Amino acid sequence: PKEFLLQGGSMKVDQLINKGVALVLAAMAASAGATEGGTSMYPAGSEAYTCCALPPPGTYGMLYYQNYQANKAVDNAGKTVTPDGFKVRANAVVPRFIWVPKETVLGASPVVHAIVPIVNLDVAVAPGLSQSKTGVGDITVGAGLGWHHNENVHSLLAFDLFMPTGSYRKENLANIGKNHWAIAPVAGLSYIQKSGLNADMQHMVIFNGRNSDTDYKSGVEWVMEYALGWGMGNGWTVGVGGYWYQQLTNDKQHGASLPGSKGRTLAIGPAIRYDSGKGWFFTAKYETETQVRNRSDGRSFWLRGVYSF
C-alpha cells in the first residue's frame, strides 16, 4: 500500500486556538483550558486505514483537507464555559512530502517526511469579539523505520519535530502558530487485507517546549489513533475511525503546576478508503468529539489523497 504513518503537522483548529481564547475562558471559569489555550501541536484524527505501512522506495506526495467546527469549550468537569456566540471554524489544506530510500536499516525501510499546513482560522469568542487568520502553520519534519512483517502486517517507529514557524501574537484570538517547539516519538501497527478485516492503531507521546511570550509550558500529551474496517475486495474499505487524546501531566506557567489542566477527548465516526490499484487512493472520515475535558468540543471532516512522483 502506498501509505504510511509519520504523524505531525498543525492541521486541526483545536491545535490553533491560542492563549488569547484561554484568557477569555479563564475569566469565566478558571478550570477551563488544557495545554495552552486547550490546544495541541498534533492534529489528532488525521490518519486512518493503513496508517503504519510504508510505501515502496520512492518519492510521494500526500494532500490533506480538514474542516473543523466547534460551538463550545468545556472545563475539567465537562461543563460548557463559553458564551453564546462562541464559534471556531477552520479549513486546512496540508501538503506532505515523503521519501523512502532503497537502503534498509535493521531490516526496515527508512523514511523522512515534511508537512507544511496552510490554514484559514476563524475564532469568535462572543458577539463583536472575533478574529480571522490565514497562513502557513507550524511545519513538521520527521524520520522513521517501517517493517513489512508479511503481506498483511506492517509496523513503524518514528520521531517527529514540530517547529514554531506559524504566525503568533499572544494578544490574538486566532493564532496559526503555537510559538514553541515540540518532539514526539510514534509507534504504530497496521493489519491490511483487500478482502476482510483491516485494523490500525498508532500511539504518539508529545513533549512540549515553553512558549517564551507567555512563559507557559503545556503538559505531556498522549494520542492513540485507530481505524477498524472491512475490505470489500473491490478497492473499498468501510468502517470507523477516530482517536483518544489524553493529557498526561498538568501544564505549568512561571514554573508552577496548574492543577486541573489536563485535557481529554474521545472521537469516533465513519471512515472509508478507496484504493485504485494504480498508485493512488483517497480516504474520507467524519469524527465527532465526545467525553471532552478542558478543550473545544467539535467535529471534523477529513479528506486525504496519496500520489507518487
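Tutor: The side chain of Glu 289 makes a polar contact of 3.0 Å with the side chain of Tyr 68, where a polar contact is a pair of N or O atoms within 3.5 Å; within protein, one atom must be able to donate a hydrogen and the other to accept it, and residues adjacent in sequence count only if both atoms are side-chain atoms. A polar contact of 2.6 Å also joins the side chains of Glu 289 and Tyr 243. The model is predicted: local features need pLDDT of at least 70, side-chain atom pairs count only at pLDDT 80 or more, and totals for chains, interfaces and linings use all residues. Residues are numbered from 1 along each chain as its sequence is written, and side-chain values use heavy atoms, with hydrogens and water left out.

Glu 289 counts as buried because its relative accessibility is 5%; buried means under 20% relative accessible area, exposed over 50%, and partly exposed in between, with a 1.4 Å probe and protein chains only. Glu 289 lies in strand S17. Strands (E, at least two residues) and helices (H or I, at least four) are DSSP runs, numbered from the N terminus.

The pairing around this strand comes next. Strand S17 covers residues 281–293 and runs antiparallel to S16, to which nine bridges join it; two strands pair if DSSP finds at least two bridges between them. Within this pairing, Ile 268 has Thr 288 in S17 as its bridge partner. Five residues lie between the strands in the hairpin of S16 and S17, where Gly 277 takes a positive phi near 75°.

Strand S16 (residues 264–275) also pairs with strand S13 (residues 236–247), in the antiparallel sense and over eleven bridges. In general, strands of a sheet pair through backbone hydrogen bonds, either parallel or antiparallel.

Beyond S17 comes the loop between S17 and strand S18 (296–308), and Asn 294 is placed in it. Asn 294 has a positive phi of about 60° although it is not a glycine. Asn 294 counts as buried because its relative accessibility is 1%.

Asn 179 is partly exposed, because its relative accessible area is 22%.
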